[in-house]
Amino acid sequence: MKILVVDNAQAGGQKAFQMIEEAMEHGAKVLGLATGSTPIALYQAMTESAVNFSEMTSVNLDEYVGLSGEDSQSYRHFMEEQLFSKKPFKETFVPNGKAENIKAECTRYDEVIAAHPVDVQILGIGRNGHIGFNEPDTSFASKTHQVQLTDSTIEANTRFFEKEEDVPTQAISMGIASIMAGKEIILMAYGKDKAEAIRATVQGPVTEDVPASVLQNHPHVTVILDADAASLLTQK
Ligand code: PGA
């Protein structure tokens, strides 16, 4: 893993954007995208740039079960607001949280991923080490699946909702095997809250207890951190 420590989220977003641009110059056509506060600076860098994404396809990591794409709390809505409405893509995929049959939707989404192999996968990380909504103990072999969110994830997400009762408790998430299939992976993390998850991811054992630790097995991962998120790493 390559570790880059940057001044702040803005600098991290710029760095991730440069890496995406380079990948596009080398033929990348599919971006794996993430929601949450972490990638916002990257999406800002993308929307403020002159780069044309109209030949690019995006595949998002996850969506809440029970929310339609029009719901202002849905991840589809987040992506439209932050990026797609400002920088049109050729095609954008986000799981359908309102699908009648969630299992069938997971299968459909695996087909989407297979048809659009991800060139550059963007990731944030949860305080418990989750990537996408793959909570601790998710199998490293997992494909797209329905997940029960942990209490810590629900609590962390409450800040986006009026009341904790409004936070969905289930989601559809790309699996860990699907994430690992990305050719290149960029994980960003900022703030002290993420320091322990980053230590366990980068310097702990590779274990399903810490989903992001699987990234140690991937040949092309860059981890972009601010000093707080990097604060528990020991020099090697
Ligand atoms: P955050 O979420 O970017 O809002 O911190 C990251 C995550 O939980 O994956």
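Gln121 stands opposite Ile185 in strand 9 (184-189), where helices (H or I, at least four residues) and strands (E, at least two) are DSSP runs, numbered from the N terminus. The model is a predicted one, in which local features need pLDDT of at least 70 and side-chain atom pairs count only at pLDDT 80 or more, while totals for chains, interfaces and linings use all residues. Residues are numbered from 1 along each chain as its sequence is written, and side-chain values use heavy atoms, with hydrogens and water left out.

Strand 6 runs parallel to strand 9, and four bridges join them; two strands pair if DSSP finds at least two bridges between them. Strand 6 also runs parallel to strand 2, to which two bridges join it, and here Gly32 stands opposite Gln121. In a regular strand the side chains alternate between the two faces of the sheet. In strand 6, Val120 and Ile122 point one way and Gln121 and Leu123 the other way, and all are buried, a word that means under 20% relative accessible area, with exposed over 50% and partly exposed in between (1.4 Å probe, protein chains only).

The buried residues in helix 2 (residues 40-48) are Ala41, Leu42, Tyr43, Ala45, Met46 and Thr47.

Which residues form one aromatic cluster? Tyr64, Tyr75, Phe133 and Phe161 do, by a rule in which rings of Phe, Tyr and Trp (its six-membered ring) pair if their centres lie within 6.5 Å, and planes under 30 degrees apart count as stacked, over 60 as edge-to-face and the rest as tilted. By this rule the count comes to six aromatic pairs. The rings of Tyr64 and Tyr75 have centres 4.7 Å apart and planes at 40 degrees, so this pair is tilted. Because Tyr64 lies in strand 4 and Tyr75 in helix 3, the pair ties together parts that are eleven residues apart in sequence, and both residues are buried. For Tyr64 and Phe161 the ring centres are 5.9 Å apart and the planes are at 75 degrees, so this pair is edge-to-face. Tyr64 is in strand 4 and Phe161 in the loop between helix 5 and strand 8 (170-173), so the pair ties together parts that are 97 residues apart in sequence; both Tyr64 and Phe161 are buried.

Helix 5 (151-157) is also the place of Thr153, which is buried, with a relative accessible area of 3%. Leaving aside neighbours within four places in sequence, Thr153 is in contact (heavy atoms within 4.5 Å) with Asn128, His130, Phe133 and Glu135.

Strand 4 (62-64), helix 3 and helix 5 each supply at least two residues of the lining, and helix 5 gives the most, with four residues.
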